[in-house]
Each structure stands twice: as C-alpha cells, then as structure tokens.
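Please look through the structure below with its aromatic rings in mind.

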Amino acid sequence: MKKIIYISTVAFVSLFSLASCSDWLDVAPNTDVPAKELFTTENGFKSALAGLYITMTEEDIYGKNLTFGLMDQLAQMYDKLPDGTSDRNSVYIYDRETSGSYNTKGVLANVWRTQYNTIANVNNLLKWWELNAEVVIRDSLTRRMIRGEALAMRAFLHFDLLRGWGPMNYAMSDEAKEMKCIPYRTVADESKQPLLSAREVVNRIIADLDEARACMSYEKDLDLSSRTEMRYLRFNYHAINAILARVYSYAGEKEQAGMYANMVIEECGLVLENGNDNDPVLSKEVILGLNMHELEDNLSDYFAIGDKMNTKYYLNISTLNLIFESVGSESEDMRAKGSAFYRNNEQQCAMSLKYIENDKEIIPLIRLPEMYYIACEASSDSEEAAILVNTVRNKRGISKAKDVACETEEQRRTALYKEYLKEFYGEGQFFWFLKTHGIVGRLAHSPEATLAEEHFIFPLPDAEVEYGWAEEDGENVEPAE
C-alpha cells in the first residue's frame, strides 16, 4: 500500500501544487494530457482517488494543522511556543498577520484554501464518474467504491470546515443553526457559491454520507482488524458510520449519534487496546487514518528525540501530570507512560511518541474510543453511559476503583472532557470538544490562556472570494447545478 501511495504522490504533484483552480481541473497530473483522457480508464479513476488521499496529508490540513498542529495549539496542548512568542493567548489573534508568533490568520487561510482545493478535486472526480464510470469501470463494486469514498471524503472535509468556521454550541441554539458560515461546494469549477447556514451544511454533509454509506454497503461485514487490505486507510463503510456518529453528535441528535456509534463498536471488528508498546498511536484502533510516506522524517521538525527539545512540540512534565492526573514520573494510565511519551527529566519536558514511533506511518483521523465517548454522551441511561466511558478508562490501565459516575449531565461532561483531553493528545480533537460543548475560560492544564467564544469561530479569510464564496448585491447567489 505504501509503495502504491508513494508512486501516486509523484504522479499527482502537479495536480495539487498548481495555484490556479481552472488549470488543474482540465489537465491530467504530471502531463499535458487533458483530464478527460485520465478518466477514460479504471486505473485513472483509482489514481485520482489515491491522489486525493495523498493531498489530505499536506501540512496545511491533516498532515499538521487539522491534527497535531493548529488545533492542538489552540487547545494549549504544548508548552513550546513559536520563536519570539511569550504570550500564549497570541495564538488567538485571527484578525491580522503576526511575525515571530503563531500567525494564526495565515495558517487559517491556508487551511481554508487547501481544504477547498481538495474538495474541488473530489468534485472533479465525481463529475467524471457521472460521465464515464458506467462504461470505463466494468466492475460494479469498484464503481460504487470510488463514488462512495469520494462522497464520504467531500462530507468529511466540509465537516471540519464547518467545525472551524461555523457556530459555537450548534446543538443548543437555533440562532447558531441559522448562522451563515461556509459554502458547500458540489461543483468542480470556479463558480461563486453562497455561504450556507450551519443547518443546511449539516444536512448536506449527512446527505453525502448517506449516499456514500449506500455505495459502500457491500462491505458492511468488513473486519477492520484484518489489516491485509488496509481499508482503515480509506473511507470504508465503518468509517462512514463513524463520521455519521460524529456529525450527529455535533448536531445534538443523540439517538442517531448513539445508533451509529454503537454500530461501529459492534460491527467494525476492532477492540480497545490495553497496551501501547511500540505503537503509541494505537494503530489497531484506527477506523480511518491517512498514510504519510516517511512520516517520521516529514514530521521531524515537530517531533524528534534529542538532547535539546526547545524547537519541538513538547510539554512540561508538570503539564503532562495535570492532563493525565498523574503524580510522579509514571501513571497507571498507559496514555501517559513512557510508551506514550518521551520524558527528558533533565529539562523537565516530555514529547508525544505518536509521530516518532509510528511504524505504520498513520495519521489517525478517527479511532475506536471516540465511538465509546459519543455513545456515552448519547445514552439516556446513566449507568450505561458510565460503563461506556469506564470501559475505555479501564483498558487504558485506570483501576475500576477510580471509575467515574455519569449520574448527572455535569458528571458526564466532566468525564468526557478529561477523556478527550487524554485520549486525543496530538490528534486535534480536544479543541472541537470544547467548541461543541461551549466551554470557555481558563484551561486547568494551561491557566495562562483564556478561551473566549470568539476564539472558536474562525473569520473568513481575505481571499474567500477566490476560493468560491461570494455575495452579490448583499444577497447570496444560488448554488450552481
């Protein structure tokens, strides 16, 4: 699989590096051949799809900023600050470019651009699928796979845009649901698209996922614990259910969220791990991940073991102890042990090993414990909710004597707050938990920073018109068909 992806990277370099939207929609990658010739063979479609997965590993999005990079910086997961920065709150400067600091405005603009660039390429593939797939791709399951994965990818990419540029605490506010936030692009051209309400974006995400799920239903008996086909590196059937669980949880539709989360737990074939030796990223729990070729080398600017750690993404050991509620040099929680974090006792700092000891070269996007947490939050039975969250805690090495209760909503939210903070360190999910639940103020593990509601809603980048949003005469234009 890695070899195939590596070859595809070379083939797709020109497709994803060109700045002009119009150029790469019409020209095949690495050649001057029109795109319509690329999509005249089954291998052309497969290569295009592989290229989309590769571009998702770019640093602007899931290769850094939407996982361990910006998202975890916003959640104050690191004690290492950019050169010349002393104010931890400077990461929340969204309205102007900053030098010698996080330059969050510029980073957000890159996230927006790259995410919509990728969406445009997904839409281009889907356009050619409509035109050619019935004739070119003879096997019906392959046709379904290509369309299903592309639709799921489009929904997934839009959902993270919604989580960033959309409202805070969507589930609790009708006003938030009507907030106009992002376009939902389904066309592969430069046509101007309107900002849609958060509610409409959620509906379109779910519609894409429902169709993707129908396309991929042929693999509902897929056992993800069998790694021979490495379907966990693609938008497989169980991954689509997991995304649906995540979206419905965001939307506050607990019955649907719980149904899909429990479906994944019961049907995907994965089990919670009780050890992370030689696998701190817990790759055997990955429902959906990305393969980054030469991951450790590519990410060595951020994570690498050495005598000096002041240029890497580290946290102080005191912060590590606060996050994992541990005392001393070790913890009963395997997520804080030496198999998960490298500790430099001389400098009193630590670094996650998720991107240092990662033989599978996986960037995790969704892992199994999230399904337990979503099912916990969705459950109407407080005892069942406690069992779900404590199942993960016990597997992580925390004794049953320390089981948490979920008898009140406050107890449940507190338990999940702590679990998202611990479980998804370096994966970018904790910030989204804070936003979804409307949690503002000082963070216990980083009291120097204060989160306010405005920090959770990213402003539209200055170049949003170039990348597809427009309003004409103060009114939204209609979406192109």
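Rings of Phe, Tyr and Trp (its six-membered ring) are counted as a pair if their centres lie within 6.5 Å, and the pair is called stacked if the planes are under 30 degrees apart, edge-to-face if they are over 60, and tilted for the rest. This is a predicted model, in which local features need pLDDT of at least 70 and side-chain atom pairs count only at pLDDT 80 or more, while totals for chains, interfaces and linings use all residues. Residues are numbered from 1 along each chain as its sequence is written, and side-chain values use heavy atoms, with hydrogens and water left out.

One aromatic cluster is formed by Phe-68, Tyr-78, Tyr-302, Phe-303, Tyr-313, Phe-324, Phe-341, Tyr-355 and Tyr-425. A search of the whole structure finds 33 aromatic pairs, and one of them, Phe-68 with Tyr-355, is tilted, with 5.0 Å centre to centre and 50 degrees between the planes. Because Phe-68 lies in the loop between helix H4 (42-55) and helix H5 (70-74), and Tyr-355 in the loop between strand E6 (349-352) and strand E7 (362-367), this pair ties together parts that are 287 residues apart in sequence; helices (H or I, at least four residues) and strands (E, at least two) are DSSP runs, numbered from the N terminus. Phe-68 is buried, with a relative accessible area of 1%, and Tyr-355 is buried as well, at 0%, where buried means under 20% relative accessible area, exposed over 50%, and partly exposed in between (1.4 Å probe, protein chains only).

Tyr-420 and Phe-433 form a stacked pair, 4.7 Å centre to centre with 25 degrees between the planes, and both Tyr-420 and Phe-433 are buried.
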